[in-house]
Amino acid sequence: MSLLGVYSICEVGKDAAGVAGNMFAFGLFLSPIPTFRRIIRNGSTEMFSGLPYVYSLLNCLICLWYGTPLISPDNLLVTTVNTIGGVFQLVYITIFLIYAEKARKVRMLGLLLAVLGIFVIILVGSLQIDDRAMRRMFVGLLSCASLISMFASPLFII
């Protein structure tokens with residue numbers, strides 16, 4: 001098999017894994033819908049926490065930044081799935097804010113502003129790195145750390 005054939009197989013495999021990953025991620029983004037249907041139906045956030053949605057928004061923003069051509073060219077799948085995820089998280093946060101009590105609204109708005117501030121710091125800070133490979137490594141490591149901590153955080157409850 002020629003080197004070009006192996007490269008083509010690797011590209012097809014990468015794209016297939018990317019599409020499968022996007023489908024699974026899309027399913028994860030849809031999973032809070034029953035919770036928010038309950039919040040809307042009851043007119044209250046009850047004992048639900050908005051923190052996972054704010055943190056998930058930060059994760060989507062970091063991963064979206066990683067997928068942009070300024071950081072990592074040829075990552076359209078990463079960019080699209082995290083754009084969709086960010087929109088879902090913003091909708092969930094908006095619904096949460098609409099139905100939350102005043103004290104929780106203030107706390108959630110503070111957390112949302114903190115997340116946006118952290119993302120701006122990451123964005124501006126990473127643009128200060130002139131070496132493209134180092135910039136990609138820096139944002140990639142932040143993205144990995146964010147993903148690992150987001151998916152590992154429920155284990156701390158156990």
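## Terms and basis of the model

A residue is called buried when its relative accessible area is under 20%, exposed when that area is over 50%, and partly exposed in between, using a 1.4 Å probe and protein chains only. By that rule Tyr 92 is buried, with a relative accessible area of 4%. The structure is a predicted model, in which local features need a pLDDT of at least 70 and side-chain atom pairs count only at pLDDT 80 or more, while totals for chains, interfaces and linings use all residues. Residues are numbered from 1 along each chain as its sequence is written, and side-chain values use heavy atoms, with hydrogens and water left out.

The predictor's confidence in each residue is given as pLDDT, from 0 to 100. The protein averages a pLDDT of 89, and 92% of the residues score at least 70. Among the elements of the protein, helix H5 (residues 102-127) has the highest mean pLDDT, at 95, whereas helix H1 (residues 3-30) has the lowest, at 81. Where pLDDT is low, the predicted coordinates should not be read in detail.

## Helix H2 and its two sides

Helices here are DSSP runs of H or I with at least four residues, strands are runs of E with at least two, and both are numbered from the N terminus. In H2, the residues Thr 35, Phe 36 and Ile 39 are buried. Seen down the axis of H2, its buried residues fall within an arc of 90°, so they line one face of the helix; the arc is that of the directions from the helix axis to the C-beta atoms. An α-helix has 3.6 residues a turn, so residues three or four places apart point the same way.

The buried residues of H2 pack against H3 and H4, where contact means heavy atoms within 4.5 Å. On the other side of H2, Pro 34, Arg 37 and Arg 41 are exposed.

## Aromatic pairs

Rings of Phe, Tyr and Trp (its six-membered ring) pair if their centres lie within 6.5 Å, and planes under 30 degrees apart count as stacked, over 60 as edge-to-face and the rest as tilted. A search of the whole structure finds 6 aromatic pairs. One of them is the stacked pair of Phe 36 and Tyr 92, with 4.9 Å centre to centre and 10° between the planes. Because Phe 36 lies in helix H2 and Tyr 92 in helix H4, this pair ties together parts that are 56 residues apart in sequence. Both Phe 36 and Tyr 92 are buried.

Tyr 92 also forms an aromatic pair with Phe 88, and this one is tilted, at 6.1 Å centre to centre and 45° between the planes. Phe 88 and Tyr 92 both lie in helix H4, 4 residues apart, which is about one turn of the helix. Phe 88 counts as partly exposed, at 21% relative accessibility. Phe 88 and Tyr 92 belong to one aromatic cluster together with Phe 26, Phe 29, Phe 36 and Tyr 53.

## The loop between H3 and H4

Ser 72 has its place in the loop between H3 and H4, and at 0% relative accessibility Ser 72 counts as buried. A polar contact is a pair of N or O atoms within 3.5 Å; within protein, one must be able to donate a hydrogen and the other to accept it, and residues adjacent in sequence count only if both atoms are side-chain atoms. The side chain of Ser 72 makes such a contact with the side chain of Arg 136 (3.3 Å), and the side chain of Asn 75 makes one with the side chain of Ser 72 (2.5 Å).

Asn 75 is also in the loop between H3 and H4 and counts as buried, at 14% relative accessibility. Leaving aside neighbours within four places in sequence, Ser 72 is in contact with Tyr 66, Gly 67 and Arg 136; not counting residues up to four places away, Asn 75 touches Tyr 66, Gly 67 and Arg 136.

## Positive phi angles

Most residues other than glycine have a negative phi, and most peptide bonds are trans. Asp 74 has a positive phi of about 65° although it is not a glycine; Asp 74 lies in the loop between H3 and helix H4 (76-99) and, at 69% relative accessibility, counts as exposed. Glu 46, also not a glycine, has a positive phi of about 50°. Glu 46 lies in the loop between helix H2 (33-42) and helix H3 (51-67), and counts as partly exposed at 24% relative accessibility. Just after H2, Gly 43 takes a positive phi of about 70°.
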